[in-house]
Amino acid sequence: MKIRTLSVVSVAAVLALVATGSPAIASVQGTIASQQGASEQGGSAPQASVWLTTLDRQNLLTPQAPVAFGDSASSAPTIVIDPETTYQTMDGFGASITDSSAAVLSALPTAQRDETMRSLFDPTEGIGVSFLRQPIGSSDFTAAPEHYTFDDVAPGKTDFLLRHFSIDHDKKQVIPLLLQAKKLNPALKIVATPWSPPAWMKTGDSLVGGRLKSGVLYSALYAAYLTRFVAAYRAAGVPIDYITVQNEPQNRTPKGYPGTDLPVAQEAQVISILGPLLKLASPKTKILGYDHNWATHPDDIANTPPGQDPKTDYPSKLLATSAAKWITGTAFHCYYGDPSAQTTLHDQYPDKGIWFTECSGSHGPTDAPAQVFSDTLKWHARTIAIGVTRNWAKSTANWNIALDENGGPHLGGCDTCTGLVTTHADGTVSKDAEYFTIGHLSKFVRPGAVRIASTSFGTTGWNGQIMDVAFRNPDGSTALVVHNENDDPRTFAVSEGAKTFEYTLPGGSLATFTWPASAALSDGLTPVDISGATATATSATTDAALAVDADASTRWSSGQAQTPGQNLTVDLGSAKTFTRVAIDSGGNEGDYARSWQLETSADGVSWTTAATGPGTGQLTNVDLPAMTARYLRVSSVGSAGNWWSISDIRLYV
């Protein structure tokens with residue numbers, strides 16, 4: 001983009017101010033050691049270590065007795081781990097050291113502050129927080145008496161050469177804590193986000209509301225301001241890994257705190273200038289777009305200026321602009337919509353990453369502490385810890401990492417928000433539900449881990465089932481995070497390769513299972529891609545497709561008692577070769593066929609019986625000699641009062 005309204009001298013001045021050099025950021029070598037020690041390369045199947053958090057706080061990331069993988073299959077709903085099917089690489093998990101968080105942590109006695117920081121960031125003694133989102137200037141969570149940016153001047157004044165730029169405010173409390181955090185966890189990554197440009201760059205000359213003034217001049221000045229921030233933070237010892245150009249760009253009416261309505265075209269213009277500047281000044285800093293909710297909030301739509309498009313598809317519109325060449329991916333928040341929006345955007349732009357950067361715990365003003373803990377743990381477990389990561393996010397970040405016992409200090413905005421930890425007037429610190437929901441990830445899933453396939457029966461909307469997400473760490477170990485959405489205990493199984501273990505999880509609780517790499521867990525099978533397969537059934541025909549959607553939380557169900565002749569027919573779309581057919585009846589126990597028959601066909605007309613057998617549980621693995629077919633038909637050949645369900649058909653070779 002040509003900056004037509006700036007003189008050559010002005011452009012040179014801006015570049016001179018921001019291009020302060022780009023010394024290499026020291027890379028972190030090696031991998032933080034697994035909690036379980038060295039990986040096993042062969043021999044007997046390993047044990048899985050278990051950490052548990054329960055709603056009654058009797059277990060808070062508490063180690064449990066390990067469980068051993070065995071040879072026997074289970075009749076319970078079975079989480080099948082498939083390390084060969086991989087998804088996104090993880091950056092980390094954490095929150096934000098806001099100005100408020102920095103103030104309450106800094107106010108603690110030194111020994112208590114150091115202990116709290118270790119509990120947050122140390123991968124061994126604490127939960128190993130590995131991702132932070134840092135405000136560029138003031139947010140609603142500030143301890144300052146007035147909102148601020150890093151280049152504030154008197155009303156009506158301007159600072160086109162950014163002579164007043166300074167990060168001295170953050171050098172007092174925020175940066176010392178960031179340096180301590182990075183010392184405790186050298187793998188820590190940071191994304192930085194502004195809540196507002198300096199007021200002199202905006203319509204209305206205010207940090208609260210308004211827009212960045214139009215024209216490439218102000219877009220260039222704002223880009224220069226952001227680049228100056230990145231350079232200044234790097235000089236202070238805190239390199240910035242990612243930057244977004246506006247927090248919640250569609251929040252047009254922030255409640256007493258900094259905010260800016262930044263339309264798609266204006267964000268694209270800023271990014272088109274910021275990208276080349278960062279390439280000069282800090283080439284390792286990548287740009288993320290959007291940084292707002294999964295779906296546009298109705299209030300944001302209602303407050304769209306008359307005659308303007310509310311851009312409810314803001315992220316995809318932004319990635320369709322020419323600025324996309326500078327955008328590494330998209331950042332999301334939790335306050336409206338659901339995590340499936342991340343997968344929708346990933347499917348549209350698979351070469352662009354997804355990051356999740358903000359979600360605050362909150363509560364009613366009269367909620368009892370036990371209710372706050374219980375409700376927060378359950379919602380964050382299924383939605384943020386698992387739902388977000390199962391939908392392609394490379395990070396999971398809560399909002400404040402620490403607040404005082406009154407949910408502050410804050411200046412405008414939320415007055416019922418909670419942090420990972422709470423500081424109290426007597427100098428003590430307590431751990432909130434978010435500490436544990438983040439900790440069940442950050443303590444066990446290392447930066448650089450890859451999410452791997454695992455069947456999951458629960459949903460973010462709550463269906464009372466077992467929900468999970470799995471990761472393969474750089475050292476080969478596996479971390480599996482499991483949440484029981486139901487109020488009652490639920491028994492489930494975990495299977496990798498030819499080995500299985502069972503576990504009973506208390507109602508509402510969250511657990512992490514880890515085990516080292518082991519050749520004993522390999523069964524030599526590889527998943528067969530059946531994406532695009534279609535299905536028909538003898539009943540509930542509109543739901544037949546749910547049996548081949550690669551989502552174990554959905555299912556085809558007969559809708560009636562089992563009788564001989566009920567069947568589901570799958571068209572694989574083309575001939576596939578396989579040696580195993582997995583018939584997974586999902587999380588509703590008892591919904592498996594009491595007797596079954598599997599047939600194959602090349603043309604959907606002539607059928608050959610491949611196998612028959614009794615149903616013994618929720619997962620039936622049918623092992624066969626290698627065969628090739630386009631069509632499969634699974635039939636019930638017995639009777640039972642239960643409905644018959646199939647949540648997933650999977651093939652292996």
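Q: Which residues is Lys431 in contact with, leaving aside its neighbours within four places in sequence?
A: In this predicted model, Lys431 makes contact with Arg57, Ser119, Leu420, Val421 and Phe436, once neighbours within four places in sequence are left aside.

Q: How far apart are Lys431 and Leu420 in space, C-alpha to C-alpha?
A: Their C-alpha atoms are 6.2 Å apart, and in sequence the two residues are 11 residues apart.

Q: And where is Lys431 placed?
A: Lys431 belongs to strand E16, which covers residues 429-431.

Q: Is Lys431 buried, exposed or partly exposed, and why?
A: Lys431 has a relative accessible area of 33%, so it counts as partly exposed.

Q: Let us turn to the core. Which residues have the most contacts inside the largest nonpolar core?
A: Those residues are Phe121, Phe229 and Ile401, and the core itself has 101 residues. Helix H6 (residues 216-235) gives the largest share of this core, with 12 residues.

Q: What is Ile401 in contact with?
A: Setting aside neighbours within four places in sequence, the contacts of Ile401 include Ala95, Ser96, Ile97, Ser101 and Leu105. Leu120, Phe121, Leu132, Gly419, Leu420 and Val421 are also among them.

Q: What other core lies apart from it?
A: Another core, of 29 residues, lies apart from the largest one. Among its residues are Ile530, Ala611, Leu632 and Ile649.

Q: Now the helices. How do the axes of H3 and H5 cross?
A: The axes of helix H3 (residues 110-121) and helix H5 (residues 174-184) come within 9 Å, crossing at roughly 50°. H3 is therefore oblique to H5. The crossing of these two helices is right-handed.

Q: Which residues meet there?
A: From H3, Arg113, Asp114, Met117, Arg118 and Phe121 meet Leu177, Gln180, Ala181 and Leu184 of H5. Of the residues in this contact, five are nonpolar, one is polar and three are charged.

Q: Which residues of H5 are buried?
A: Val174, Ile175, Leu177, Leu178, Ala181, Lys182 and Leu184 are buried in H5.

Q: What do the buried residues of H5 pack against?
A: They pack against H3 and H6, as well as helix H2 (99-106), helix H4 (168-172), strand E5 (131-136) and strand E6 (189-194).

Q: A change of topic: is Thr500 buried or exposed, and why?
A: Thr500 counts as buried because its relative accessibility is 12%. Thr500 sits in strand E21 (residues 499-505).

Q: What does Thr500 touch?
A: Not counting residues up to four places away in sequence, Thr500 touches Ala68, Phe69, Gly70, Ser72, Ser74, Ala493, Val494 and Ser495.

Q: Where does Gly532 lie?
A: Gly532 is in the loop between strand E22 (510-515) and strand E23 (534-537). Gly532 has a relative accessible area of 65%, so it is exposed. The C-alpha atoms of Gly532 and Leu572 are separated by 7.2 Å, although the two are 40 residues apart along the chain.

Q: Finally, is Pro365 buried or exposed?
A: Pro365 is exposed, as its relative accessible area is 76%. Pro365 is found in the loop between strand E11 (361-362) and helix H11 (369-390).

Technical notes
Residues are numbered from 1 along each chain as its sequence is written. This is a predicted model: local features need pLDDT of at least 70, side-chain atom pairs count only at pLDDT 80 or more; totals for chains, interfaces and linings use all residues. Side-chain values use heavy atoms; hydrogens and water are left out. Axes are lines fitted to C-alpha atoms, for helices over the stretch in contact, and angles run from 0 to 180 degrees between N-to-C directions. Helices (H or I, at least four residues) and strands (E, at least two) are DSSP runs, numbered from the N terminus. Angles under 35 degrees count as roughly parallel, over 145 as roughly antiparallel, 65 to 115 as roughly perpendicular and the rest as oblique. A crossing is left-handed if the near helix is turned anticlockwise from the far one by less than a right angle, and right-handed if clockwise. Contact means heavy atoms within 4.5 Å. Ala, Val, Leu, Ile, Met, Phe, Trp, Tyr, Cys and Pro count as nonpolar, Asp, Glu, Lys and Arg as charged, and the others, Gly among them, as polar. A nonpolar core is a set of buried Ala, Val, Leu, Ile, Met, Phe, Trp, Tyr and Cys residues joined through side-chain atoms within 4.5 Å. Buried means under 20% relative accessible area, exposed over 50%, partly exposed in between (1.4 Å probe, protein chains only).
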